[in-house]
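Visitor: I'd like a quick walk through this model, one question at a time. Could you show it first?

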Amino acid sequence: MSGEVQASTEEQQEMQDTVVSPEKAEEVKLKARYPHLGTRPGGSDLLRKRLQKGQQKYFDSGDYNMAKAKMKNKQLPTAAAEKTEITGDHIPTPQDLPQRKQSLVASKLAF
Amino acid sequence: MSAGGGGNDVQWCFSQVKGAIDDDVAEADIISTVEFNHSGELLATGDKGGRVVIFQQETENKSQPQCRSEYNVYSTFQSHEPEFDYLKSLEIEEKINKIRWLPQKNAAQFLLSTNDKTIKLWKISERDKRPEGYNLKEEDGRYRDAATITTLRVPVFRPMDLMVEASPRRVFVNGHTYHINSISVNSDNETYLSADDLRINLWHLEITDRSFNVVDIKPANMEELTEVITAAEFHPHQCNTFVYSSSKGTIRLCDMRASALCDKHSKLFEEPEDPSNRSFFSEIISSISDVKFSHNGRYMMTRDYLSVKIWDLNMENRPVETYQVHEYLRSKLCSLYENDCIFDKFECCWNGNDSVVMTGSYNNFFRMLDRSQRRDVTLEASRESCKARQVLKPRRVCAGGKRKKDEISVDSLDFNKKILHTAWHPQENIIAVATTNNLYIFQEKVN
């Protein structure tokens with residue numbers, strides 16, 4: 001019985017919060033979808049993600065040479081059918097790297 | 001034309017639009033920066049593909065005063081190429097983050113353009129005559145047979161079709177470990193600053209192998225990182241003063257006369273926050289995406305996710321003016337976080353006499369905020385209003401409740417159509433507004 005009364009008080013508080021701040025209501029929504037958000041320690045995840053923009057390892061020559069040495073007699077792992085999949089044990093080879101197309105085409109603004 | 005009085009007495013009309021009409025936008029065509037030069041005669045754009053396009057204002061046709069001067073392509077060049085840092089296994093994007101013009105000193109024009117890692121000084125010069133009548137060479141460049149040369153002549157310059165050449169004069173490399181977000185030319189016309197997430201460097205325009213670090217906020221232990229630098233700019237007149245903004249919504253003003261390393265600020269601008277209003281989103285939406293000094297050097301403007309604030313340089317504890325850009329988004333923060341739009345970096349700009357400021361929003365809307373008359377208007381850059389001299393109609397967003405006629409509801413807004421970059425001619429009421437891949441030029445209606 002008392003549990004029910006407690007719940008409705010909490011509901012009331014939440015409703016009040018919604019009325020007071022749409023931002024807080026949005027936060028409640030977000031926390032409901034991602035309960036582990038913001039609970040991990042050690043500096044802001046968002047900031048670190050920002051600093052690491054573009055820092056994706058495509059090819060490590062050390063890994064590549066080690067893998068080559070290990071498989072002296074076997075074939076090197078061939079490129080995955082889907083070039084974007086470079087995960088797990090697959091050692092990327094130069095052929096796997098997505099082709100960076102250089103912008104040799106003129107900008108469309110210049111027409 | 002006047003420097004533009006109240007923004008809302010001004011009626012804005014369509015002048016030109018540049019770029020492809022098709023909706024299928026190639027990554028490379030995404031416009032990443034727009035900047036007028038100091039006279040307003042030139043307008044530069046940079047894109048994700050590392051290309052720069054410069055437009056020049058045509059000299060006004062005196063016989064047709066109704067026909068406003070247009071901007072036409074003057075020069076275009078590839079400023080930056082994609083690079084791969086093999087040592088760190090990092091891809092370096094060719095996207096042009098910022099372009100800043102140098103004030104004109106001679107016949108040539110100079111601009112600085114930067115990607116994440118490298119800043120380049122480009123010289124744009126005109127050639128309208130060429131030497132002809134060489135003794136040893138034919139006109140097409142082939143060498144003449146020495147035996148056939150019997151007389152000498154003096155080569156002369158003859159007029160030719162105008163050619164505009166862009167050449168890189170300086171390349172400033174290896175100054176930044178993190179990604180460059182700002183460059184700013186000093187009023188001394190000799191130095192400029194470049195800022196990345198954690199550091200600000202001072203360069204001399206003539207010297208590429210050295211730069212001075214003036215701000216370093218990198219903590220000894222990266223786990224302790226709490227804020228990053230988001231933008232920086234030199235004061236327009238005081239060559240010793242610059243400001244930088246942070247992801248926590250603060251602005252620091254630094255005086256280079258005080259010390260060589262400006263880690264300690266001279267002034268800290270921060271609006272106190274009501275702790276009871278704090279939410280998970282508070283810090284993210286307080287992150288300043290742009291900071292710009294007013295032309296008169298007495299104020300600065302900052303843009304955070306939902307608002308534009310004007311600060312008096314003499315008052316650190318709060319802004320003197322705050323304008324809501326799109327307050328209706330406050331109740332959409334959850335989905336804006338999920339689709340990453342909450343991290344969009346909007347820029348802002350002043351008009352020539354600092355009476356009106358402008359910034360972009362979603363759905364290809366942009367906002368004109370009139371400081372002197374305390375009025376604001378929302379306009380749209382769209383292909384639908386592209387008839388010559390067509391006056392732009394104000395737009396209204398319905399936040400909730402009953403939607404009136406001509407209003408658009410928040411849920412119908414297209415969040416992929418963002419106007420992040422805008423620029424205002426330094427003297428006239430001419431504005432350049434960049435949508436994803438198109439550049440719109442609007443002008444004041446002339447009667």
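Guide: One term before we start: contact means heavy atoms within 4.5 Å. This is a predicted model, where local features need pLDDT of at least 70, side-chain atom pairs count only at pLDDT 80 or more, and totals for chains, interfaces and linings use all residues. Residues are numbered from 1 along each chain as its sequence is written, chains are lettered from A and ligands numbered from 1 in the order in which they are written, and side-chain values use heavy atoms, with hydrogens and water left out.

Visitor: Which element of chain A has the highest mean pLDDT?

Guide: pLDDT is the predictor's confidence in each residue, from 0 to 100, and chain A averages 66, with 41% of its residues at 70 or above. Over residues 79-86 of chain A the pLDDT is below 50, though this stretch has ten contacts in the model beyond near neighbours in sequence. Where pLDDT is low, the predicted coordinates should not be read in detail. Among the elements, helix α1 (residues 2-20) of chain A has the lowest mean, 54, and the highest, 90, belongs to helix α2 (residues 22-33) of chain A.

Visitor: Which three residues supply 19% of the area that chain A buries against chain B?

Guide: The contact takes 34 residues from chain A and 59 from chain B. Together they bury about 4100 Å² (accessible area lost on being put together, 1.4 Å probe, summed over both parts), and carbon and sulfur atoms give 56% of that. The trio that supplies 19% of chain A's part, more than any other three residues, is E23(A), L51(A) and L109(A).

Visitor: Which residue of chain B meets R33(A) in a salt bridge?

Guide: There are three salt bridges between chain A and chain B (a side-chain nitrogen of Lys or Arg within 4 Å of a carboxyl oxygen of Asp or Glu). In one of them, with N to O at 2.4 Å, the side chain of R33(A) meets that of E338(B).

Visitor: Which element gives the most to the side of chain A that touches chain B?

Guide: Two elements give two or more residues to that side: α2 and α3 (45-51) of chain A. The one that gives the most, with eight residues, is α2(A).

Visitor: Is D354(B) buried or exposed?

Guide: D354(B) lies in the loop between β24 (348-350) and β25 (356-360) of chain B. Its phi is near 65°, a positive value in a residue other than glycine. Since its relative accessibility is 6%, D354(B) counts as buried.

Visitor: And N174(B), buried or exposed?

Guide: N174(B) sits in the loop between β11 (156-172) and β12 (182-185) of chain B, with phi near 60°, a positive value in a residue other than glycine. Its relative accessible area is 75%, so N174(B) is exposed.

Note on methods. Helix = DSSP H or I, 4+ residues; strand = E, 2+ residues; numbered from the N terminus. Buried area = accessible area lost by both parts, 1.4 Å probe. Buried < 20%, exposed > 50% of the residue type's maximum accessible area, 1.4 Å probe, protein only.
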